[in-house]
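Dear colleague,

Please find below the structure that I am handing over to you. My findings follow it.

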Amino acid sequence: MDEFNWIAIGSITDIPRRGARCVNTPEGKIAVFRTAEDQVFAMDDHCPHKGGPLSQGIVHGAAVTCPLHNWVISLETGKALGADEGAVRTIPVRVEGVHLFIALEALASRAA
Amino acid sequence: MTEKLVIIGNGMAPGRMLEHLLEKAPGRYQVTIFNAEPRVNYDRIMLSPVLSGEKAYEEIIIHGDGWYIKHDITLYKGHKIIAIDRTAKTITSDHGVTEPYDKLVIATGSVPFIIPVPGHNLPGVLTYRDLDDVQAMMLAAQSRAKAVVIGGGLLGLEAAAGLNAQGMDVTVLHVMPTLMERQLDPAAGYLLQRAVEERGIKVITKANTQAITGNGKVERVELADGTVIPATLVVMAVGIRPNATIAKEAGLAVNRGIVVDAGMRSNDPDIYALGECAEVNGQVYGLVAPLYEMARVAASQLAGDAAAAFVHSDTPTKLKVTGIELFSLGDFADGDDRQEIVLRDASAGVYKRLVLKDDRIIGTVLYGETADGAWFNDLKKKQTDISEMRDTLIFGQSYQGGAPLDPMAAVAALPDDAEICGCNGVCKSKITGAIMAKGLTSLDDVRAHTKASASCGSCTGLVEKLMVLTIGDKYNPAAVQPMCGCTTLGHDEVRRLIKAKHLKTIPAVMQELEWQTSCGCAKCRPALNYYLVCDWPDGYADDYQSRFINERVHANIQKDGTYSVVPRMWGGVTNAAELRAIADVVDKFEIPMVKVTGGQRIDMLGIRKEDLPAVWADLGQAGFVSGHAYAKGLRTVKTCVGSDWCRFGTQDSTGLGIRIEKFMWGSWTPAKLKMAVSGCPRNCAEATCKDVGVICVDSGYEIHFAGAAGLDIKSTEVLGMVRTEDEALQHIVALTQMYREQGRYLERIYKWAKRIGIAEIKRQIMDDGEKRQTYYERFVFSQKFAQVDPWSERVSGKDKHEFRPMASVGFAQAAE
């Protein structure tokens, strides 16, 4: 069984390919990304560098380039790629057909 | 113990001498330089390109301030030496600095010869010698009035061409019957005169200047035959004479110049002289190659090599006027013991003449086609017997030995000791040797190590061919920087292939050009998107996911993730209704900051992304459209109030600015494009540091471009002058389209212009009417698809997903 409390956030078709949308939560904004190959990733919408909104960046491969200072963040690990160092919290995502769900720690613990 | 070396003068010859000396005897001398000019060592040969606007002063500096610091050399700028005390061994400057020396080098250069006609000292009479002269001429040229250049030699013609390029109406007065008679025979002089006149420069030969007259400043030049030529600027370029005053006062032997032996030593064993002020074996010199030879000899002597001696050699002369090819060498006077071979092709504007004596070349004049100059120079220098190839000699090296050689083979066939760089006396083997020994792979490296092509640059093509011959593929002349890590191709190559292969989508480009990543990166995708938008205006669907956020949501992202919004105010003009609407929007959306921008617009900062469509809806109600303050595209056209209001305005600058902006808004460009129109040369709209600017004058519109006032500061280049507003618009649009088609993504227009060459841009936009028209038409076509207000599109619901969160979860009410 899943230990997470999965929360529905909408359909994969809500997000453009090579794009992102935001989900507002009590923990702040979560950025949900969709790659060219329809993989979906979620992470805090907060670049580890200066807090830039990653959801506004350009999505390429399984990475996003922050719109403020061009840090490149791996969507898979949340870690900065290349010479930069830093990481952003990733959020588990589940895809069921077109439906998307995310799991938040705080929400999960509250539900428990 | 280190000895004290003091140098008077900081021109190219002592600069070169120091380079040699630092190499040969590092640390031997403690060096102090006194320079009467208040600046560092720069390339005087390149003053003409500075005057014509093709280069900036910064580009011709040879030794920047850092060089002097690095080598621990003290440089007194703006200090003129007024006395040399040979007994005490000291010199004293006009600022009162007295410096002792062990060895003294005098390199005071030359002074321009001033014809002592009445009025020669009126304000407005200049010479052409240093950067101050050039700056004074450029300042005078801003009036776009009439100039007279006295002297039809090398310097005079370069000055005339430069002033002409700066927009002045120029007349050249030359006392002899043909131009450059010391370097050219009458036939070539005639061709040169024709080419000069075709540029709109008037030439009067056999012109005997009688007086320069005017009331307190230059107003006209009067000739002996009664001709009167109106002029506000007179440039005297009739020759130079060695500047030996200080040496003479110190009691050194001075004839025409400071007399030195073959080791560059004067009659005082501790004092050397070199450069234009020195006289060696009864000769004084003015071209750079022999001066550099003097520098080499003087450095060797100072380093302790008593055998180093100056050897005279003829130096080829070249005229540095873009588009005029001219080469002259040696002696070409007629004589009973001489024969000549002449080739004329009047329609092609080619003239070649070889003067032979005893089957050897003693003189060469080439006009219109000068590629064989190096080869003829080599034959002359080596005194090669040419009787075997006499029949085909004039056709050049390619025609020797059967089939014509391709240019590469011609270079390969040059002997090892053939001189490649005339300015610096660098032969072929020195270049190829340095490339091999030091593993050089770029032109800049070769320049740094050998000096070849580092002065006037006219041998750059030869040097590049040598690099290819020596290291083959390892030398890539374009030195192509790949667009990004996803490809090995550079921007230009990608643009070319997009057109050639008819690639009309980003995936097609990546597939066909073998991208190494699945869907590119944040560097290449916006670039490709721009190239496709530009090249296929009617056939490409703009890929918003490949645009930076600002262009995707048509606002400027701020550091806190909010946005700023700038509505378009055509030409910077607004009214009460617009201002009221802005005030209402600011109140309604509680916009925290309102600011006037440098481009004469109003910026509202701190708007939440979700509010953007509603803000635009309200602004749209008042008639506002997007100001594209976020775009790599046309931003603003700044204007002054022009002839409608200003007592100095010469044209309706506001009207023209609005017209340009209404015509060009919505167009995407490689990088942002900011413009301005000023109604008179006082230039209140600051048009001369913009990407494109217009200065209105009584007689029309002067179009400027390629300025910068950001990371780099650079004043504009003059594209040209047109008479009507319609022409101004057409030229600006054509220029912009040329830039759109050739610029690399994120390359501002001034960088593009530097890469392409100002002269080439002028040629295509100013001189080639057909080309201009086709650029113009392609821009107009593209605008049909580009001029859609992105704000109203989004108010109508386009890209809704961009402005709304996908969901809100986890909040109390959502959890229920």
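What percentage of the 112 residues of chain A count as buried? The share is 46%, where a residue is buried if 20 or more other C-beta atoms, placed from the backbone, lie within 10 Å of its own.

Please note that this is a predicted model, in which local features need pLDDT of at least 70 and side-chain atom pairs count only at pLDDT 80 or more, while totals for chains, interfaces and linings use all residues. Residues are numbered from 1 along each chain as its sequence is written, and chains are lettered from A and ligands numbered from 1 in the order in which they are written.

Chain A contains 1 helix and 10 strands; these are DSSP runs numbered from the N terminus, helices being H or I of at least four residues and strands E of at least two. Along the sequence, the order in chain A is β-β-β-β-β-β-β-β-β-β-α.

Chain A also touches chain B. The contact involves 28 residues from chain A and 22 residues from chain B, two residues being in contact if their C-beta atoms, placed from the backbone, lie within 7 Å. On the chain A side, strands S1 (6-11), S2 (19-25) and S5 (58-60) each supply at least two residues, and S2(A) gives the largest share, 6 residues.

S2(A) also pairs with strand S42 (residues 807-808) of chain B, in the parallel sense over 2 bridges; strands pair if DSSP finds at least two bridges between them. Here A:Val23 stands opposite B:Ala807 in S42(B).

Yours sincerely

Conventions: A residue is buried if 20 or more other C-beta atoms lie within 10 Å of its own, exposed if 12 or fewer, and partly exposed in between; C-beta atoms are placed from the backbone.
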